[in-house]
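These are my notebook entries on a single structure. I record below what I looked up and what I found.

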Amino acid sequence: MAYLKIEDACKAKNITLKDLSRLSGISERSLEWYVKQQREPSLSRVEKLAEVLEVSPAWLVSWE
């Protein structure tokens, strides 16, 4: 399962999941699922999150 470094990236940009939801168009609930590793996002969502968080998709996703 992929682990997304969403929380790390949000901290670096000083934004909340609510802010990220607003900026990305991805529901806050979905973001919470990704953070808690309850669901995996599609590639297009990983790319959108990476764009909003100003990181590469490869950095955002790590495999455990």
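Entry 1, a lysine. I located Lys 5 in the loop between strand S1 (2–4) and H1; helices (H or I, at least four residues) and strands (E, at least two) are DSSP runs numbered from the N terminus. The model is predicted: local features need pLDDT of at least 70 and side-chain atom pairs pLDDT 80 or more, while totals for chains, interfaces and linings use all residues. Residues are numbered from 1 along each chain as its sequence is written, and side-chain values use heavy atoms, with hydrogens and water left out.

I did find that the Lys 5 side chain reaches the backbone oxygen of Trp 59 at 3.1 Å. Apart from neighbours within four places in sequence, Lys 5 contacts Trp 59, Leu 60 and Ser 62 (heavy atoms within 4.5 Å).

I found 17 residues in the largest nonpolar core, a set of buried Ala, Val, Leu, Ile, Met, Phe, Trp, Tyr and Cys residues joined through side-chain atoms within 4.5 Å. Helix H1 (6–13), helix H3 (28–35) and H4 each give two or more residues to this core. The most, 5 residues, come from H4. Tyr 34 is among the residues with the most contacts inside the core. Not counting residues up to four places away in sequence, Tyr 34 touches several others, including Leu 4, Ile 6, Arg 45 and Leu 49.

I listed its buried residues as Val 46, Leu 49, Ala 50, Val 52 and Leu 53. They lie on the same side of H4 because they cover an arc of only 165° around the axis, taken from the directions from the helix axis to the C-beta atoms. On the other side of H4, I noted Leu 43 and Glu 51 as exposed.

Glu 54 follows H4 and has a positive phi, near 60°. I placed Glu 54 in the loop between helix H4 (43–53) and helix H5 (57–60). Glu 54 counts as exposed because its relative accessibility is 63%.

Note on methods. Buried < 20%, exposed > 50% of the residue type's maximum accessible area, 1.4 Å probe, protein only. Polar contact = N/O pair within 3.5 Å; in protein donor to acceptor, adjacent residues only side chain to side chain.
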